[in-house]
Amino acid sequence: MPLRLSLIRSELPPLLRLALPLIAGELGWVSMSLVDTVMLGHLPNSALAMSSSALAQHLYNTFCFGVAGILLGLDSLISQALGANERHAANRWLIHGLLMALALAALLIGIFAVSPSLLLHLPVDHAILAGSIPAIEGLNYGTLPLLLTFTLRRYLQAAHHARPIAFGLISANLVNIAGDWLLIFGHRWHIAGHTLAIPAFGVTGSAWSTSFARLYMFAIYAGSLWWLDRRHNYGIRSVTRKIEFQHLRKLFLLGAPAGAAIFVEIAIFAAVTALIATFGRLPLAGHEVALQCASTTFMVPYAISSATAVRVGHAVGRIKIGAATAADAAAAGWSGIGAGAAFMLIMSLVLLTIPSQIAHLFTPDPGVVAAATPLLLIAAGFQFFDGVQVTATGALRGAGNTTAPFITQFISYWLIGMPLGVWLGFHKKLGAAGLWSGLLIALIVAAAVMCAFWRRTTRNLPL
């Protein structure tokens, strides 16, 4: 099927209309951990606080988002149902997604409940572990609302209701900022002759604040979907509550590879975090600064990836009823990949130009800044490839292919990137920079292979 640039250009406006609110929302999402890091970076012992938070956040996110990634199967199922004008089927997928979220949340809560005893066996500074363990326990309070929110979001974005998503994420970030201010530093007020005091909880306080923000976000999404259902008569409230295990099975089989792909991608960063933790507090704090920057820029192509999955899914659904062609689905995918790559090229230039100034925004500690600067330069090198691989993943997910991204990321990260990173970091004595160089190589491989998979997928779509 020849690549038609005019068709790709015509797909960009609707893609960006959907993606822009999602981008605003995702930036609001990542700002929670970004604000946590900045505030903890201004505590007296900033390197220890940032290190403890980094270890807790990355270990929690690895399991939580890896397991919750199963729910990404809803992107294909709901989008394709709506594209084929099967609203009732989309509503049924929402109900079964919520049931799946409840089951997965129960599993995760159990895992995090026993994690403290396992963390004590890590070869990490015990002062870091002393801050990380209660932080993980604090984050666990937000597990259930997080997974329910994740499910509701799949329906909202598939139905092109991106504004409630953006509002929920941005306002939840404001809730998190207020919570951080109250709980990290501690405060004392004198009111009418009485003293009201909130102690400083440090890293644990930032975790509690994040969990409360996630509960708030779930309330916003649930309220928005209830209001939209009443206004547009989607029929969600009247859909039968009967549980169909074949639906749960199909969702699991489609979503499990997507969840596994997220798990292997996040796990590689968690593994790198754990390895860098063996180098000490300053390298780990510098790693956290660089990773927060890379995570922030990543949120833009990640949001574009979600929009790409919806646009491709709608096109595939329309193909089934003769309202679209394979070229339309291909254009939706390539436009998303191009948009994500273009943005990340700009971010590469920013990181290359002012790395130390960016690090200074997180903490005044010169040791942490010196540790973060070389890692930011390496991050600049993989921005473009990270943007390509994540948007290609979204295109493939919209077409119902969740297996190829998992296989690609597993091989790229764990069989290529991790061994090379360990060799460079430990054998060649490059430390954290060596481990990050392994990530750079992994992302280059993943981007190339994922584009090849998407090209092959477009050729196999029904005409």
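Predicted model: local features only at pLDDT ≥ 70, side-chain atom pairs only at ≥ 80, totals over all residues.
Helix H13 spans residues 366–398, and its axis comes within 7 Å of that of H10, at a crossing angle of roughly 15°. Because angles under 35 degrees count as roughly parallel, H10 and H13 are described as roughly parallel to each other.

Helix H10, formed by residues 281–320, also carries Arg311, whereas Glu11 belongs to helix H1, residues 5–40; the pair therefore ties together parts that are 300 residues apart in sequence. The contact between arginine 311 and glutamate 11 is a salt bridge, in which the closest N and O atoms are 2.7 Å apart. Side chains of opposite charge can pair when their charged atoms come close. Across the whole structure, the search returned 5 salt bridges.

Helix H8 (residues 202–232) packs with helix H5 (residues 126–140) at an angle of about 15°, and the two axes are 8 Å apart. This angle makes H5 roughly parallel to H8. The handedness of the H5 and H8 crossing is right-handed. On the H5 side, the contact involves Gly131, Pro134, Ala135, Gly138, Leu139 and Asn140. These residues meet a set in H8 made up of Val203, Thr204, Ala207, Trp208, Thr210, Ser211 and Arg214.

Helix H8 is also approached by helix H7, which covers residues 162–183; their axes come within 8 Å and cross at roughly 155°. Since angles over 145 degrees count as roughly antiparallel, H7 and H8 are assigned as roughly antiparallel to each other. The crossing in which H7 passes H8 is right-handed.

Key
Residues numbered from 1 in each chain as written. Heavy atoms only, no water. Axes fitted to C-alpha atoms, helices over the stretch in contact; angles between N-to-C directions. Helix = DSSP H or I, 4+ residues; strand = E, 2+ residues; numbered from the N terminus. Parallel < 35°, antiparallel > 145°, perpendicular 65-115°, else oblique. Left-handed = near helix turned anticlockwise from the far one by under 90°. Contact = heavy atoms within 4.5 Å. Salt bridge = Lys/Arg side-chain N within 4 Å of Asp/Glu carboxyl O.
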